[in-house]
Amino acid sequence: MINTLLNERYRILKTIGKGGFSETFLAQDVFSSALRVVKCLKLSSTPSETAQELFETEIQILYQLGHLSQQIPALFDHFVEERSLYLVQEFIDGHDLAQETEHTQTWNQTKIIELLRQVLPALQFLHSHQVIHGDIKPRNMIRRKDGQLVLIDFGAVKFASSSSSVLLFCPICRRRNRRLHAQRTTIRAIAL
Ligand SMILES: Nc1ncnc2c1ncn2[C@@H]1O[C@H](COP(=O)(O)OP(=O)(O)O)[C@@H](O)[C@H]1O
Ligand SMILES: [Mg+2]
């Protein structure tokens, strides 16, 4: 795959991630020379339609919201080639939060408050568009070189109903509503 030119435009430089059904590459846009992140879903070996639906939702949400927030990568392109579905997104130059936490057992209060101040506006922005990230964890947050936190990996993203945040406090509704479960997971992930 390395050195392959995709869609006559994106030169694959290296592999930067490998998930359940998808693979992620650092690439260069040969038109502009800009670095891009290319994520690939192999349609031929994707066992379920759900994986494809999730990938398509990731594309849809990044197109809609990526250009509206500095804390979400912009989506520049998507295409099908050789029975694989690709998305091309903004490369966030920095390091993920897992690298910041790996040498520290506990964070002091100041650091935690600083983290919440940085990440909560991004979640609030998503929730204000009825979108739940669904996979908040240190590896899915990149601290850009300017210090700002950016959320990545919208592979588990979901649309929520506008009433979710109210229903969140109703235990019976909570059990019935999978979307709410996703939102609780977000809150729990942030709490951890
Ligand atoms: N926009 C981005 N900018 C920089 N690196 C990224 C970006 N998106 C993903 N990555 C890197 O690629 C890895 C895999 O991408 P991700 O979207 O998290 O897929 P997966 O579903 O495999 O976890 C991430 O852990 C991160 O290191
Ligand atoms: Mg990830």
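A: A nonpolar core is here a set of buried Ala, Val, Leu, Ile, Met, Phe, Trp, Tyr and Cys residues joined through C-beta atoms within 7 Å. A residue is buried if 20 or more other C-beta atoms, placed from the backbone, lie within 10 Å of its own, exposed if 12 or fewer do, and partly exposed in between. The model is a predicted one, in which local features need pLDDT of at least 70 and side-chain atom pairs count only at pLDDT 80 or more, while totals for chains, interfaces and linings use all residues. Residues are numbered from 1 along each chain as its sequence is written, and chains are lettered from A and ligands numbered from 1 in the order in which they are written.

The largest nonpolar core comprises 34 residues, and V38, V131 and V150 have the most contacts inside it. Helix 1 (residues 49-65) makes the greatest contribution to this core, namely six residues. Domain 1 (5-90) and domain 2 (94-191) each provide at least three core residues; the domain bounds come from an automatic or database domain assignment. In soluble globular proteins, nonpolar side chains tend to be buried together. Buried residues account for 26% of the 192 residues in the protein chain.

Contacts are counted between residues whose C-beta atoms, placed from the backbone, lie within 7 Å. Leaving aside residues up to four places away in sequence, V150 touches Q71, I72, P73, I92, I142 and R144. Over the protein chain, 52% of the contacts with a separation of 6 or more link residues 24 or more positions apart.

The protein chain has six helices and 11 strands, taken as DSSP runs (H or I of at least four residues for helices, E of at least two for strands) and numbered from the N terminus. Six strands form an open sheet in the order 1-2-3-4-6-5 with antiparallel pairing, where pairing requires at least two DSSP bridges between two strands. Strand 1 (5-6) and strand 5 (75-81) lie at the edges with a single partner strand each, so one side of each has no neighbour in the sheet. Strand 1 is joined to strand 2 by two bridges, and L6 stands opposite Y10 in strand 2. On the next pairing, Y10 stands opposite D29 in strand 3. Strands 2 and 3 are antiparallel over seven bridges and form a hairpin with three residues between them.

Strand 3 and strand 4 also run antiparallel, joined by seven bridges, with S22 opposite L41 in strand 4. Their hairpin has five residues between the strands, and S33 there takes a positive phi near 70°. The loop between strand 3 and strand 4 also holds A34, which is exposed because 12 other C-beta atoms lie within 10 Å. A34 and E90 are 56 residues apart in sequence, yet 9.0 Å apart in space from C-alpha to C-alpha.

The sheet strands also contribute to the ligand site. Ligand 1 is surrounded by 19 residues, the closest being G17, G19, T24, I92 and D153; a residue is near a molecule if its C-beta atom, placed from the backbone, lies within 6 Å of it. Strand 2 (10-18), strand 3 (22-29), strand 4 (35-42) and strand 6 (84-90) each supply at least two residues of this shell. Domain 1 and domain 2 each give at least three residues to the shell around ligand 1.

Note on methods. Contact = placed C-beta atoms within 7 Å.
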